[in-house]
Amino acid sequence: MSIKLDGKKLSLEIEQKLNNFISSNERIAKRAPGLAVIRIGEDPASGVYVNNKEKACARVGIKSFIFHLQDNVEQKEVEQLINKLNLDKDIDGMLLQLPIPKKFDEQRLISFINPYKDVDGLNEKNMGKLVKNEPAMRSCTPAGIINLLRSQNIAIEGKKIVVIGRSLLVGKPLSLMLLNLNGTVTITHSKTLNLNKICKEADILIAAAGIPNLVDSSFVKDGAVIIDVGIHRLKSSDKDKTRLCGDVLLEDVIPKVFAYTPVPGGVGPMTVTMLLVNTIFSWQKQFGLSSTINDLLP
Ligand code: NAD
């Protein structure tokens, strides 16, 4: 029987640890950790994600500050807000909820975020530290995946790992984290030839292409570990209903693999949890607290 890498269960366990960590250190810090979330425009999915983040913060004792801006604001105004939050002593972490409307220069906004508050780990300073394998804020989805693998003692060192996707958000930082942990990593992308053949050599295969059901059992070696990052809402056969699926055709793949992540309930919950970890990491540094959560940051 294959093992389900249960992100929902693991995220609740980590949240409990974070809650305890905050409770036992709040007296020293004299305030709770603070997370600012900037949302621009009315993208409905972003609304759901921001809500989930706010609820997760409340569960562990992080104070959240939501800034919902209209899409008619100017780039300069968003930059000014980021600068203000950079200086705000009650805020340890800050993120820009993506995607934002196309008229904004997203990368420029991210580079305005103080690297010590960049809880999405997307600022070039934090990316640079990842390249150099130095401790820093790590991007959330990749860091969540590493914790999922570790939770079942799945070895990374020496393993052949294939990552499908090279985005700044997932594929690239994830590949670097796996490389830093001594995996032998192959990065594939939309121009890769013979994707199927390359994937079939992987001990650990990670699908982050954003294409529903791209990976079926013909991509997968017997006994491999498969991590599904993709998340898609598809119409189900009952035409009024929708269902979630990932980049992996799970029912086809599960009988072949050693372990897999479900969609939903795999990588997704871990992404939010790592945001909480990064916020507390920043708070802990700010107040020089004795650290007990650094092991969660790859
Ligand atoms: P993206 O569109 O920025 O990048 C997709 C990557 O896949 C690109 O590098 C592209 O070259 C590659 N690709 C596209 N088609 C391919 C193909 N046929 N073969 C091989 N490679 C191909 O997407 P992203 O932001 O990296 O996200 C990927 C998926 O993960 C999306 O479904 C997204 O919704 C999901 N996601 C989930 C979480 C989570 O928390 N569960 C977080 C981030 C992203």
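Strand S1 and strand S11 (residues 259-260) run parallel and are joined by two bridges. Within this pairing, Lys 4 has Tyr 260 in S11 as its bridge partner. The model described here is a predicted one.

The pairing of S1 with S11 belongs to an open sheet of six strands, arranged in the order S1-S11-S8-S7-S5-S6 and paired in parallel. Its edge strands are S1 (3-4) and S6 (184-188), each of which pairs on one side only. In general, the strands of a sheet pair through backbone hydrogen bonds, in either a parallel or an antiparallel manner.

A further open sheet is formed by three strands in the order S3-S2-S4, again with parallel pairing. Strand S3 (63-69) and strand S4 (93-96) each have a single partner strand and stand at the edges, so one side of each has no neighbour in the sheet. On average, and with direction ignored, neighbouring strands of this sheet are turned by 15 degrees against each other. Seven bridges hold the parallel pairing between S3 and strand S2 (residues 34-40). Arg 39 has His 68 in S3 as its bridge partner.

At the level of domains, the protein is divided into domain 1, covering 28-120, and domain 2, covering 140-267. A distance of 28 Å separates the C-alpha centres of domain 1 and domain 2.

| Residue (backbone N or O atom) | Ligand atom | Distance |
|---|---|---|
| Arg 166 | oxygen | 2.8 Å |
| His 189 | nitrogen | 3.4 Å |
| Ile 231 | oxygen | 3.4 Å |

Taken alone, the ligand exposes 850 Å², and the protein buries 71% of that area.

Some backbone features of the loops also deserve attention. As a general rule, most peptide bonds are trans, and most residues other than glycine have a negative phi. A cis peptide bond, with omega about 0 degrees, joins Leu 98 and Pro 99. Pro 99 lies in the loop between S4 and helix H4 (106-112). Val 263 and Pro 264 are likewise joined by a cis peptide bond, with omega about 0 degrees. The loop that holds Pro 264 runs between S11 and H10. Asn 153 has a phi near 55 degrees, a positive value in a residue other than glycine. The place of Asn 153 is the loop between helix H6 (140-151) and strand S5 (160-164).

How values were computed: Residues are numbered from 1 along each chain as its sequence is written. This is a predicted model: local features need pLDDT of at least 70, side-chain atom pairs count only at pLDDT 80 or more; totals for chains, interfaces and linings use all residues. Side-chain values use heavy atoms; hydrogens and water are left out. A polar contact is a pair of N or O atoms within 3.5 Å; within protein, one must be able to donate a hydrogen and the other to accept it, and residues adjacent in sequence count only if both atoms are side-chain atoms. Accessible areas come from the Shrake-Rupley method with a 1.4 Å probe; for residues, only the protein chains shown count as cover. Domain bounds come from an automatic or database domain assignment. Two strands pair if DSSP finds at least two bridges between them. Helices (H or I, at least four residues) and strands (E, at least two) are DSSP runs, numbered from the N terminus. Axes are lines fitted to C-alpha atoms, for helices over the stretch in contact, and angles run from 0 to 180 degrees between N-to-C directions.
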